Amino acid sequence: MSEGYILKKTEKSLPLNWYFNQNQFDKEIRKVLSKEWLYICHEHALSQPLSFHTVEISKFNILLVRDKDGNMNAYYNSCSHRGSILKKEKNGKLKSNLLVCPYHQWSYNASNGNLVKTSSIIDPKNFKKDKNCLIKVKFKIWNGLIFINLDNKAKWNSKKVFPDYSDAFSQLNVSNYQIGHTWKKQIKCNWKIFWENYSECLHCPNLHPELSNLVPIYGRRLVDIKDDPNWKRFINHDDPKYKGGMKKGTETWSMDGSAQGHRVEYLEKQTDFPGYIYMTSWPSMFLAIFTDHIRMVRILPLSNELTEVTAEWVFRKETLKDKKYSMKNVVDFAVLVMKQDAEACELNQKGIHNPIRKNGTLMPEEYEIKRFHNWLRKKL
Ligand code: FES
Ligand SMILES: [Fe+2]
């Protein structure tokens, strides 16, 4: 009998109306997205004093800003006068340590959110400046990754945020990495559809021929060697199609498979490093460690049927400094795969609107989707 992870029987998927019903979506925002740690960006995106970054999560709009002294703050991006957005740009740099509302120019201290000045001729006696500060949002910078939590009482626990945390990550000094490229896409699907697609490889050979060539076990529609009930038979097999890992002669997830002389020494020394390590943080992100770079992918719902996906490629400084290093080689490869996935997610979303069945079916290889559903149901 298999000691692997695969499901021993088929399971029902979530009710299909959970992927478009507005009440269900509101409940998920209230009970999940408003309670869990949500990834925003790598610290390098806000490395300069006075730099800011905004992010939307459904109806929430959050503003992260580094003040003049380099300290980070996070606020709801909404003015206390009549509620206008303070910063409409996705990112930028303040001219001074003030956050000035674009509507009637109330100004706030970027270091603490205190209201500095209104624009009225007088401030009436009953007007309390200290009752009109910006509202703070809890945040955490962990290994260079910035997370927020809309629940002010939330406590950070890295093992809970990343249940599949890998020790390799803490050895890499990721806070010193720099962003080489960022890519964004709005996918017309519910956020759960994205995660389900991420969680299985049944679709790999037909949707991702290039990736299945680079990681041969994916071509067998498997993620892990133990996904095959007969895995023990292949335990001493040298072929990556059976033992996992990357195709012989390749080094990293790139168009031609090469890392162009930038393999991270620490990873190279790890005998069990298969060429990629994934770490997942439901509901907002996953990251993947490759031989020469790390890719962070942020998943945030804009509405019940629209999800924004943002990918950041981070590299060691020396890699980015090397003029001969072609970042395009790794970026193009991941974009190709992410676009293939996005298209499948949109087809999936479109199809579930047919009012013909209540649930889908999970097959043995879709154990990770089952885990995701269990996690979600527990939160709701
Ligand atoms: S809404 Fe911001 S100053 Fe009026
Ligand atoms: Fe995929």
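Leaving out residues up to four places away in sequence, I294 touches V174, Y177, L287, A288, I289 and V314. The model described here is a predicted one, and the protein in it is divided into domain 1 (1-35 + 164-380) and domain 2 (38-155). I294 is also among the residues with the most contacts inside the largest nonpolar core, which has 79 residues.

**The nonpolar core**

- Besides I294, the residues with the most contacts inside the largest nonpolar core are L38, I40, L64, F147 and F194.
- This core draws at least three residues from domain 1 (1-35 + 164-380) and at least three from domain 2 (38-155).
- As a general background point, nonpolar side chains in soluble globular proteins tend to be buried together.

- Strand 14, which spans residues 285-290, is mostly covered, with five of its six residues buried.
- On one side, strand 14 runs antiparallel to strand 13 (residues 276-281) and is joined to it by six bridges; in this pairing S281 stands opposite M285 of strand 14, and a hairpin of three residues connects strand 13 to strand 14.
- Strand 14 also runs antiparallel to strand 15 (residues 294-303), here with five bridges between them, and the hairpin that joins strand 14 to strand 15 likewise passes through three residues.
- Which residue of strand 15 stands opposite I289? The partner of I289 is I294, and I289 is also one of the residues that I294 touches.

- The C-alpha centres of domain 1 and domain 2 lie 32 Å apart, and the contact between the domains involves 22 residues of domain 1 and 16 residues of domain 2.
- On the side of domain 1 that touches domain 2, the elements that give two or more residues are helix 1, helix 3 (167-171), strand 12 (178-187), strand 15 and strand 16 (306-315).
- Strand 15 provides the largest share of that side of domain 1, namely six residues.

- Why is helix 4 (residues 191-198) described as largely enclosed by the rest of the structure? Seven of its eight residues are buried, and helix 4 is therefore largely enclosed.
- The buried residues of helix 4 are W191, K192, I193, F194, W195, E196 and N197, and F194 is also among the residues with the most contacts inside the largest nonpolar core.
- These buried residues of helix 4 pack against strand 1 (11-15), strand 12, strand 15, strand 16, helix 10 (327-351) and helix 11 (367-379).

- Four strands form an open sheet in the order 5-4-3-6, with antiparallel pairing; its edge strands, strand 5 (72-76) and strand 6 (91-93), each pair on one side only, and the twist averages 20° from one strand to the next.
- Within this sheet, strand 3 (residues 51-57) and strand 4 (residues 60-66) pair in the antiparallel sense over six bridges, and E56 stands opposite N61 of strand 4.

**Two loop residues**

- K68 is found in the loop between strand 4 and strand 5, where it touches P49, L50 and N97 when residues up to four places away in sequence are not counted.
- Because K68 has 13 C-beta neighbours inside 10 Å, it counts as partly exposed; K68 and E343 are 275 residues apart in sequence and 43 Å apart in space, C-alpha to C-alpha.
- Leaving aside neighbours within four places in sequence, S119 is in contact with H104, Q105 and W106, while S119 and L300 are 181 residues apart in sequence and 36 Å apart in space, C-alpha to C-alpha.

Notes
Residues are numbered from 1 along each chain as its sequence is written. Chains are lettered from A and ligands numbered from 1 in the order in which they are written. This is a predicted model: local features need pLDDT of at least 70, side-chain atom pairs count only at pLDDT 80 or more; totals for chains, interfaces and linings use all residues. A residue is buried if 20 or more other C-beta atoms lie within 10 Å of its own, exposed if 12 or fewer, and partly exposed in between; C-beta atoms are placed from the backbone. Two strands pair if DSSP finds at least two bridges between them. A nonpolar core is a set of buried Ala, Val, Leu, Ile, Met, Phe, Trp, Tyr and Cys residues joined through C-beta atoms within 7 Å. Domain bounds come from an automatic or database domain assignment. Two residues are in contact if their C-beta atoms, placed from the backbone, lie within 7 Å. Axes are lines fitted to C-alpha atoms, for helices over the stretch in contact, and angles run from 0 to 180 degrees between N-to-C directions.
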